[in-house]
Amino acid sequence: MTVRMLPVAMVLAAVACSPPGGDAQEPVVGAVVALRTGRYEEAESAFRRLLREDASSVAARRGLVEALATLGRYDEAARVAREAPRPELAANALGEVLVLTGDLEGAEAAFRSAIDGRSDDELTARVNLADVLFDRGQIDDAMERYDAFIDVYNDDSERLGSGDLVAVGRAVQRLGRTNPDLFQDALRAYDEAAAADPGWAEPAVRAGTLLLDKYQSPEAQAEFEKVLASNPHHPDALLGMARALDFDGRGGAHERVDAVLEVNPDHVGALAFSARLHLSAERYDEARAAAEKALGINARSLEALSTLAAAYYLAEDTASFVSTRARALAVNPRFAELDATVADLCVQVRRYADAAERADAATRLDPGSWRAWGILGMNQLRTGRIAEGTDNLEKAFTGDPYNPWFKNNLDLLDTFDRYESVRSDHFELFLFRDEAELLAPYVSAVAEEAFDSLSARYGIEPPLPVRVELFPSHADFSVRTLGEVGLGALGVSFGSLLVMDSPAARERGQYNWASTLWHELAHAFHLALTDHRVPRWFSEGLAVHEQRRGRPWWGHQPSIPFLQALRDGHLKKVSELNDGFMRPEFPEQVIFSYYEASLVFQVIEERHGFGAIRSMLDGYREGRSTEQLFESVLGTSLEDFDDDFEGWLRERFESPLRGIARIAEAPPPQAGLEALTEHVRAHPGDLVGQIRLGAALARAERFDEAEEHLTRALRIFPEYSGPDSPHAWMSRIRLTQGDTLGAAAALERLNALSESNYDALLEEAALDEALGHLADAANALEKANQVFPYEIDVHQRLARIAERAGERELAVLERKAVVALDPIDRADALYRLALAQRDAGDPAGARGSVLAALEVAPNFEAALELLLELRSGREGTEP
């Protein structure tokens, strides 16, 4: 419950309740204005002065109670309320203070006193009483009381003051639990209250909170901003903004909470939300401290108990979780929000089965908790329980049709009949029907290879089958993962469910699906080994490390921006790497953290062997912390490893770091070749300058000079594979000079450093084929298919090369891909597939393909001859 600023109408009514004695109205209004604009000490002084002059002033007493409560001086506020000459006129204000300190029985008695005494704030007392009953689990009684407010509004809306209208809005908002259409009526009541008293903050704060509850963050923030424009210290508006910023995934929430606590260090809602923010950052000790402080003020705060229970649950302290949950249920036996909160936070740390379990517990406490039904359904979907998840998500959406995540997922589920499942030894591939025939052989081959490699390395298998879903729309992949569009990732592992973009979801050259699949499958092993307890940074870094073990050119590679971040101290320490993934300070920090974390495992494996990594994973399953594991397994503190790794990084990249040292301002692009030459002559160690000059000279066809500078750049940073890589320029120079072998070698070096340079791979393959290096050409084209497998010409080229090289299985695979891509001459494609199958020793497959060719072209002479050959059992060669 929030502390409410007094509406002017109620102030004037309260003045009318005071006995005559001069013009009391003006100074009371002045005090209220001070209260409304955040001058709380001034307001306190003014109200105290008024009470000294007239102890019977209801408006001054209510105002003083509110000022003291806003500042967190709850005992004083309650004492002032109890000293009222007419107790019923201050009873509602007293009850609101008692709610803030957890004295719910006292609050209930106070609200009943205000109602029985027919106080002018009776309607507010009635909704406050219903809230207390609701929050103590007497939901049916509370709902009946809320329902009565509809008659109040319908019978006498024109005579309702702003405070009464807010009370109506609050009641109707609660009724939205069973009738979602009523949320619009609640907003209308708040709007009418704001119109009746434009300077009062309460309607806007209530409207903002409702809008945020209904997922309308921009509109909610607009309401909170209205309040903060006139009172930048309004605690509940600041807290609302904090919640909205956190909802959006933006920074600034902590700062808003701190601003609340500057006004009121004992603001229970702010302390509880601070605990929630710490939980999201996996800072469990800080979360517990904030929640315990809140409970020291209000031992029955359900929000604080929820965050404290979640902190214990996530830290594997089962006994403390159970006892804290019992404390909450003693307050409200039907309180589902605690378990829903724990479930929501479990998702953030990838404990999806636990999330489903806690959400299920929430629905059993309160079947009307639509949030809990939604969390349950979403996490059943994430753990492969598609039918159950769909049913529960539909139930959630029926109760909360405003939830975009529920709707988006249900819309996506409606498209699942356009997909088909393909099984392999360890996998169920879920592929869009239009591309299933093409992708299934490639995806299953990479998946099974990765499975064999990882299972041998880790000594376990994740729960089988592993389901792999590929979506040709990135928006659909994002919805499947988060429930909304906008996810920047390429793939996500929920354990034994992997969800990815199909290669069709990305522009050509942007994405290596095979590398991503290996990465996500590595997560499945890590999550299985640790029972989903592995920290994000550990799992992500180790998965990139496994990518590079699968293929050295896969995964994140060093870049000039990464080196600049290292130079400038913008990389996270190892002890803070989780923040680099979960709370990045700038957009590129996530990418840098992937690569940095992977190098941590390179160091660990080089120094301690893979067994150390395996032992650390076991430790996470046993509930040990990262700090404990570095001490027990690696024999070093995490802080010492921070320093050691920083030194290793700087030594590892010593040469390119020197090459990007801040030495002098480079000439701008428009300065011309001469200025750039002078700069590089003066600063020969400038990496970027050498690359720029080499590229400029190559464009000017001054190849010998260009090669000199490009070679220098490669000596400084031989691993650089960016779009302006010296390797690419060297290839162009060699090709212009007629040196096909040198051009191919340069492209091979470039492609050994990059996983998705599609055009360079095709160019390398063409040069290798021209040189007669068929194995190298085939290798380059196979790598190209792992980037973008939709070009018929590439498959045809690879099929021809495979046939020439005697790679018969590869030839069959590529001929099948040509058919799957629906070529113009389908009969010829099927015929050539039949030839490849015949040559690979698959006469049954060859017969099926040639018959399919003849269905398309019944008079296809070569196909008829091949069919006769196959039926006669004679071997032959292509005519």
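How many helices and how many strands does the secondary structure of the protein chain come to? The count is 47 helices and five strands. The model on the screen is a predicted one.

**The whole chain**

Begin with the entire protein chain in view. Along the principal axes, its C-alpha atoms fill a box of roughly 115 × 75 × 55 Å. The chain has 879 residues, of which 58% count as buried.

**Helix α9**

Select residues 139-156, which form helix α9. Colour Asp 140, Glu 144, Asp 147, Asp 151 and Asp 155, for these residues form a negative surface patch. Is Asp 155 buried or exposed? Asp 155 counts as exposed because its relative accessibility is 63%, and exposed means over 50%.

Select Asp 156 next, which is also found in helix α9. Its relative accessible area is 33%, so Asp 156 is partly exposed. Asp 156 and Ala 31 are 125 residues apart along the chain, and their C-alpha atoms are separated by 31 Å.

Move to strand β3, residues 466-471, and display its side chains. In a regular strand, side chains alternate between the two faces of the sheet. Here Val 466, Val 468 and Leu 470 point one way from β3, while Arg 467, Glu 469 and Phe 471 point the other way. Are these side chains on residues that are buried or exposed? Every one of the residues named is buried. Because six of the six residues of β3 are buried, the strand is largely enclosed by the rest of the structure.

Now include strand β2, residues 427-432. The strands β2 and β3 run parallel and are joined by five bridges. To see one place where they face each other, select Glu 428, which stands opposite Arg 467 in β3.

Most residues other than glycine have a negative phi, and most peptide bonds are trans.

- Select Leu 464 and Pro 465. The peptide bond from Leu 464 to Pro 465 is cis, with omega near -5 degrees. Pro 465 is placed in the loop between α25 (433-458) and β3.
- Select Glu 282. This residue is not a glycine, yet its phi is positive, near 60 degrees. Glu 282 belongs to the loop between α16 (268-280) and α17 (284-297). With a relative accessible area of 24%, Glu 282 is partly exposed.
- Select Arg 350. Its phi is also positive, at about 65 degrees, although Arg 350 is not a glycine. The residue lies in the loop between α20 (337-348) and α21 (352-365). Arg 350 is buried because its relative accessible area is 3%, and buried means under 20%.

**Salt bridges**

Side chains of opposite charge can pair when their charged atoms come close. How many salt bridges does the structure hold? The total is 76, and the tour visits some of them.

Select Asp 531 and Arg 533. These residues form a salt bridge in which the closest N and O atoms are 3.3 Å apart. Asp 531 has a relative accessible area of 43% and is therefore partly exposed.

Next, select Glu 719 and Arg 652, whose side chains meet in a salt bridge of 2.6 Å, N to O. Glu 719 lies in the loop between α38 (703-716) and α39 (726-736), and Arg 652 lies in helix α34 (residues 638-652), so the pair ties together parts that are 67 residues apart in sequence. Glu 719 is partly exposed, with a relative accessible area of 24%. Arg 652 is also partly exposed, with a relative accessible area of 27%.

Continue to Glu 869 and Arg 838, another salt-bridged pair, with the closest N and O atoms 3.1 Å apart. Glu 869 is in helix α47 (residues 861-872) and Arg 838 is in helix α45 (residues 826-839). The pair links distant parts of the chain, 31 residues apart. Are Glu 869 and Arg 838 buried or exposed? Both Glu 869 and Arg 838 are buried.

Note on methods
Residues are numbered from 1 along each chain as its sequence is written. This is a predicted model: local features need pLDDT of at least 70, side-chain atom pairs count only at pLDDT 80 or more; totals for chains, interfaces and linings use all residues. Side-chain values use heavy atoms; hydrogens and water are left out. Patches are made of residues with over 30% relative accessible area and no salt bridge: like charges are joined within 9 Å, nonpolar side chains (Val, Leu, Ile, Met, Phe, Trp, Tyr) within 5 Å. Accessible areas come from the Shrake-Rupley method with a 1.4 Å probe; for residues, only the protein chains shown count as cover. A salt bridge is a side-chain nitrogen of Lys or Arg within 4 Å of a carboxyl oxygen of Asp or Glu. Lys and Arg count as positive and Asp and Glu as negative; His and the chain ends are not counted. The place of a charge is taken as NZ of Lys, CZ of Arg, CG of Asp or CD of Glu. Helices (H or I, at least four residues) and strands (E, at least two) are DSSP runs, numbered from the N terminus. Buried means under 20% relative accessible area, exposed over 50%, partly exposed in between (1.4 Å probe, protein chains only). Two strands pair if DSSP finds at least two bridges between them.
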